Amino acid sequence: MSTARSETPPQSAALVWLTLTHVFVLPLAGAFLPNLFLGLGGTLGLDAQGAMLALAGLLAVAIVVLHLGIWRIARREGHRPMATLALLLGGVSLVTLYLFATPSPLVAGVRYVMVLV
């Protein structure tokens with residue numbers, strides 16, 4: 001006797017990219033790019049403040065491009081709530097970049113909790 005197995009629906013590509021962005025890409029960019037920019041800024045004749053300003057600009061552009069790309073994927077798949085979530089998390093990432101000097105809301109939350117403890 002064989003029973004009909006219900007197939008699981010395929011995973012949303014927007015959800016996968018949103019998760020990868022917030023768990024891997026943004027925390028790693030916030031961890032490794034500042035040291036790279038400080039070293040690169042010295043070779044290009046920039047002071048530390050100029051290098052960090054250039055880094056903040058690069059991270060802001062990366063946040064906007066990543067989240068708009070995820071928004072586009074979600075809209076193409078027909079997931080309106082996921083598209084809204086992508087834009088919302090992009091805004092939260094920009095706010096954490098401005099307030100906490102890190103592009104990752106996850107890292108900003110951990111730092112904030114560590115300060116309180």
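Colleague: Is V25 buried or exposed, or something in between?
Modeller: V25 is partly exposed, because its relative accessible area is 39%. Buried means under 20% relative accessible area, exposed means over 50%, and partly exposed is in between, with a 1.4 Å probe and protein chains only. This is a predicted model, where local features need pLDDT of at least 70, side-chain atom pairs count only at pLDDT 80 or more, and totals for chains, interfaces and linings use all residues. Residues are numbered from 1 along each chain as its sequence is written, and side-chain values use heavy atoms, leaving out hydrogens and water.

Colleague: Thanks! Where does V25 lie, and what does V25 touch?
Modeller: V25 lies in helix α1. Leaving aside residues up to four places away in sequence, V25 touches L20 and L66. Contact here means heavy atoms within 4.5 Å. Helices (H or I, at least four residues) and strands (E, at least two) are DSSP runs, numbered from the N terminus.

Colleague: And how far apart are V25 and P103?
Modeller: In sequence they are 78 residues apart, and in space V25 and P103 are 9.5 Å apart, C-alpha to C-alpha.

Colleague: New topic: how do α1 and α2 pack?
Modeller: Helix α1 (residues 13-44) and helix α2 (residues 48-77) pack at about 165°, and their axes are 10 Å apart. That makes α1 roughly antiparallel to α2. Axes are lines fitted to C-alpha atoms, for helices over the stretch in contact, and angles run from 0 to 180 degrees between N-to-C directions. Under 35 degrees counts as roughly parallel, over 145 as roughly antiparallel, 65 to 115 as roughly perpendicular, and the rest as oblique.

Colleague: What kinds of residues make up that contact of α1 with α2?
Modeller: The contact of α1 with α2 has 23 nonpolar residues, four polar and one charged. Ala, Val, Leu, Ile, Met, Phe, Trp, Tyr, Cys and Pro count as nonpolar, Asp, Glu, Lys and Arg as charged, and the others, Gly among them, as polar.

Colleague: Which residues of α2 are buried, and what covers them?
Modeller: The buried residues of α2 are A51, L55, L59, I63, H67, I70, I73 and A74. Their cover includes α1 and α3.

Colleague: What happens just after α2?
Modeller: There, G78 takes a positive phi of about 85°.

Colleague: On to α3, then. What is the angle between α1 and α3?
Modeller: Helix α3 (residues 80-100) packs with α1 at about 15°, with the axes 10 Å apart. α1 and α3 are therefore roughly parallel to each other.

Colleague: Which residues meet there?
Modeller: From α1, A14, L15, L18, H22 and L26 meet M82, L85, A86, L89 and S93 of α3. By class, the contact of α1 with α3 has eight nonpolar residues, two polar and no charged ones.

Colleague: I also spotted T96. Where is T96 found, and is T96 buried or exposed?
Modeller: T96 is found in helix α3, and T96 counts as buried because its relative accessibility is 9%. Not counting residues up to four places away in sequence, T96 touches A101, T102, P103, S104, P105 and A108.

Colleague: Last one: how do the axes of α3 and α4 cross?
Modeller: The axes of α3 and helix α4 (residues 105-116) come within 9 Å and cross at roughly 45°. That makes α3 oblique to α4. In this pair, V92, S93, T96 and F100 of α3 meet P105, A108 and R111 of α4. The residues of the contact of α3 with α4 divide into four nonpolar, two polar and one charged.
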